[in-house]
Amino acid sequence: YLYSKSSFLTFLGCVDRSTTSGHDTRHDESSTRTVTMKAALVAALLAVPAAAFVAPSARRTRTGRAAVSMVAERGSGRGVFEDITETIGNTPVVKINDRMCPKGRTIYAKCEYFNPLSSVKDRLALAIIEDAESKGLLKPGDTIIEATSGNTGIAVAMLAAQRGYKCVITMAEPFSVERRKLMRMLGAKVIVTPKKDKGSGMVAKAAELAEKNGWFLCHQFETEANWKFHEKTTGQEILNDFKGKDLDYWVTGYGTGGTFHGAGKAIKEGRPDVKVVLAEPAGAGLLASGTPTPRNADGSPAESHPAFAAHPIQGWTPDFIPKVLEDGMKLEIMDEFIPIPDGVAVSTSQELARTQGILTGISGGATMWAAIETAKNAPEGSVILAMLPDTGERYLSTPLFADIAADMNEEELEITKTTPNFQLLPE
């Protein structure tokens with residue numbers, strides 16, 4: 001498919017001898033058969049859809065695949081999967097147009113909401129459950145428990161439903177109610193903890209319940225399975241997608257720190273020239289403070305971090321520095337650090353929706369703002385990749401949608417009045 005038909009024929013030696021200038025068209029019966037066979041081979045090759053040349057295993061690998069236009073792939077199918085977990089990973093990288101990208105730079109977004117339950121945390125849940133199963137820590141009928149701001153809980157509930165485990169989630173009061181409903185839809189029990197106790201409160205509650213009932217605690221903030229899965233999948237996908245292409249900066253935030261630690265480690269090992277940019281809310285500058293988090297024996301936080309303050313970026317920066325993040329920082333893979341000012345995460349997420357057709361959450365808006373700021377300060381020609389952790393649909397009850405009305409506004413009412421029928425007007 002890389003050649004015109006005539007070029008392809010020439011490549012295989014199937015030249016039309018009758019039209020080749022000055023060539024003796026007399027040939028023996030053997031050469032005639034050879035040319036006929038080659039021509040038949042070419043005809044067969046040209047008749048086969050391009051998708052047939054992509055091995056099913058190549059489509060399913062979690063380490064990325066060669067860049068293939070989704071437009072060219074449409075209609076070819078994606079293969080048949082044994083269960084929903086096989087669809088986790090291999091999320092697409094999408095170019096941001098010049099309505100948001102600074103002139104002379106290129107920004108791409110890795111859209112993690114293409115995972116089956118619409119967030120990067122699907123990777124984390126799969127990593128933890130598969131690791132526990134391989135170690136014999138989970139058996140049929142067991143209960144899984146974890147503390148979460150929502151996305152991890154949704155992903156764990158998905159895995160529990162698929163594997164046949166029971167699931168209990170602890171979740172701090174401020175996080176969006178749609179997340180609670182999604183987890184309950186997936187069969188999980190959701191235990192809501194008081195707002196005053198912050199993220200460390202929901203973590204402590206999960207630990208208490210696990211100890212009392214003998215349940216399996218995921219330990220998403222401490223387990224090495226978290227970052228190792230990102231090293232094996234997310235990071236490799238990025239390296240493969242940008243193989244032979246320019247990539248100068250990779251931008252991410254942190255919740256547990258698994259993406260930063262694992263993918264960042266893989267990127268630095270594969271492409272040492274790529275600068276890793278880490279962001280956190282300016283109003284909750286835990287890393288910026290330089291103050292460590294005191295830990296219990298299992299690595300969980302012993303207390304709330306003194307630099308923490310409430311912020312709107314759900315899923316980012318709990319009120320402690322996760323052990324997974326701390327261990328990643330020790331690798332010294334971070335090249336640049338960007339604090340995210342109040343308000344810009346929401347506005348950037350909204351701008352992504354209105355100028356790119358990309359519906360991502362507040363954390364995605366924060367990461368994209370950091371990527372744009374990186375681009376502004378980067379040399380001309382620089383290429384930046386930003387992580388978009390989840391979908392905007394998970395934020396309907398948050399400030400992201402606070403200005404989005406459910407009822408028709410004045411402009412919409414004027415439009416409906418331009419024709420006489422089927423008008424739903426306010427009384």
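## Contacts along the chain

Residues 24 or more positions apart make up 72% of the protein's contacts with a separation of 6 or more. A contact means heavy atoms within 4.5 Å. This is a predicted model, in which local features need pLDDT of at least 70 and side-chain atom pairs count only at pLDDT 80 or more, while totals for chains, interfaces and linings use all residues. Residues are numbered from 1 along each chain as its sequence is written, and side-chain values use heavy atoms, with hydrogens and water left out.

## Confidence

The protein averages a pLDDT of 88, and 84% of the residues score at least 70. pLDDT is the predictor's confidence in each residue, from 0 to 100. Over residues 1–60 the pLDDT is below 50. That stretch has 45 contacts in the model beyond near neighbours in sequence.

## Overall make-up

The protein has 16 helices and 10 strands. Helices (H or I, at least four residues) and strands (E, at least two) are DSSP runs, numbered from the N terminus. Of the 427 residues, 47% count as buried. Buried means under 20% relative accessible area, exposed over 50%, and partly exposed in between (1.4 Å probe, protein chains only).

## The sheet

Six strands form an open sheet with mixed pairing, in the order E1-E2-E10-E7-E8-E9. Strands E1 (93–95) and E9 (336–340) are the edges, each pairing on one side only. Two strands pair if DSSP finds at least two bridges between them. Neighbouring strands of the sheet are turned by 25 degrees against each other on average, direction ignored.

Strand E8 (residues 275–281) runs parallel to E9, and five bridges join them. In E9, Ile 340 is the bridge partner of Pro 281. Helix H11 packs on the sheet, touching E7 (249–252), E8 and E10 (383–388). The direction of H11 makes about 170 degrees with that of E7. Helix H15 (residues 362–377) lies across E2 (106–111), E7, E8, E9 and E10, running at about 170 degrees to E10. Axes are lines fitted to C-alpha atoms, for helices over the stretch in contact, and angles run from 0 to 180 degrees between N-to-C directions.

## Ile 340 in strand E9

Ile 340 is found in strand E9. Ile 340 counts as buried because its relative accessible area is 2%. Its C-alpha atom is separated by 6.7 Å from that of Ala 279, 61 residues apart along the chain. Leaving aside neighbours within four places in sequence, the contacts of Ile 340 include Ile 313, Trp 316, Ala 366, Trp 369 and Ala 370.

## Helix H9

Ala 225, Asn 226, Trp 227, Phe 229, His 230 and Glu 231 are buried in helix H9 (residues 224–232). The buried residues of H9 pack against helices H5 (121–134), H10 (234–241), H11 (258–270) and H13 (323–329). At the start of H9, a side-chain oxygen of Thr 223 reaches to within 3.1 Å of the backbone nitrogen of Ala 225.

## Arg 179 in helix H7

Arg 179 has its place in helix H7 (residues 177–185). Arg 179 counts as buried because its relative accessibility is 0%. A polar contact of 3.0 Å joins its side chain to that of Ser 176. A polar contact is a pair of N or O atoms within 3.5 Å; within protein, one must be able to donate a hydrogen and the other to accept it, and residues adjacent in sequence count only if both atoms are side-chain atoms. Leaving aside neighbours within four places in sequence, Arg 179 is in contact with residues including Ser 149, Asn 151, Gln 314, Asp 390 and Arg 394.
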